[in-house]
Amino acid sequence: MFKKTKVRSILELLGKNLSAREVSKVLGVSRNTVAEVQALFLQSGRSWDDISGWDDGRPYGLFYPDKFKYKPRYAPADYSYVHKG
């Protein structure tokens, strides 16, 4: 995919009336990514003024809430079984 900071940059450039094609060229992301972010932004019902003061990670968290959640690789240890003895 892309870095978290790109979501805010995409929204910022779209807010300056650049086309999706122009945004994709400037940021080096696909037009599909720009279209996806734009669609998620429109679904959120927020305006650029609402999110312009946010840090880079917050818009990413709004649109992709489960993307960077911790996923354990192993099942949790059963300590009651381990300490039986």
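Predicted model: local features only at pLDDT ≥ 70, side-chain atom pairs only at ≥ 80, totals over all residues.
**Entry 1: confidence**

I began with pLDDT. The mean for the protein is 83. I noted that 92% of its residues reach 70 or more. Helix α5 (residues 57-63) is lowest, at a mean of 77. Helix α2 (residues 20-27) is highest, at 93.

**Entry 2: salt bridges**

How many salt bridges does a search of the whole structure find? I got two. The general idea is that side chains of opposite charge can pair when their charged atoms come close.

I took the pair of Arg 8 and Glu 12 to start. Their closest N and O atoms are 3.8 Å apart. Both residues are in helix α1 (residues 4-15). They are separated by about one helical turn, because they are four residues apart in that helix.

The other pair is Glu 12 with Lys 16. Here the closest N and O atoms are also listed at 3.8 Å. Glu 12 takes part in a salt bridge with Arg 8 and in one with Lys 16. I therefore logged Arg 8, Glu 12 and Lys 16 as linked in a network of salt bridges.

**Entry 3: exposure along the network**

I then checked each member: buried or exposed? Arg 8 has 15% relative accessibility, so I put it down as buried. The cut-off for buried is under 20%. Glu 12, at 29%, counts as partly exposed. Lys 16 has 55% and counts as exposed; the cut-off for exposed is over 50%.

**Entry 4: what surrounds Arg 8**

Which residues is Arg 8 in contact with, leaving aside its neighbours within four places in sequence? I found Trp 48, Ile 51, Ser 52, Gly 53, Trp 54, Asp 55, Asp 56 and Pro 59. Arg 8 itself sits in helix α1.

**Entry 5: a nonpolar patch**

Which residues make the nonpolar surface patch? They are Tyr 79, Tyr 81 and Val 82. The patch covers about 400 Å². I followed up on Tyr 81. Its place is in helix α6 (residues 79-82). Tyr 81 counts as exposed because its relative accessibility is 59%.

Notes: Residues numbered from 1 in each chain as written. Heavy atoms only, no water. Patch = residues over 30% accessible without salt bridge, like charges linked within 9 Å, V, L, I, M, F, W, Y side chains within 5 Å. Areas by Shrake-Rupley, 256 points an atom, 1.4 Å probe, with all protein chains shown as cover. Salt bridge = Lys/Arg side-chain N within 4 Å of Asp/Glu carboxyl O. Helix = DSSP H or I, 4+ residues; strand = E, 2+ residues; numbered from the N terminus. Buried < 20%, exposed > 50% of the residue type's maximum accessible area, 1.4 Å probe, protein only. Contact = heavy atoms within 4.5 Å. pLDDT = per-residue confidence, 0-100.
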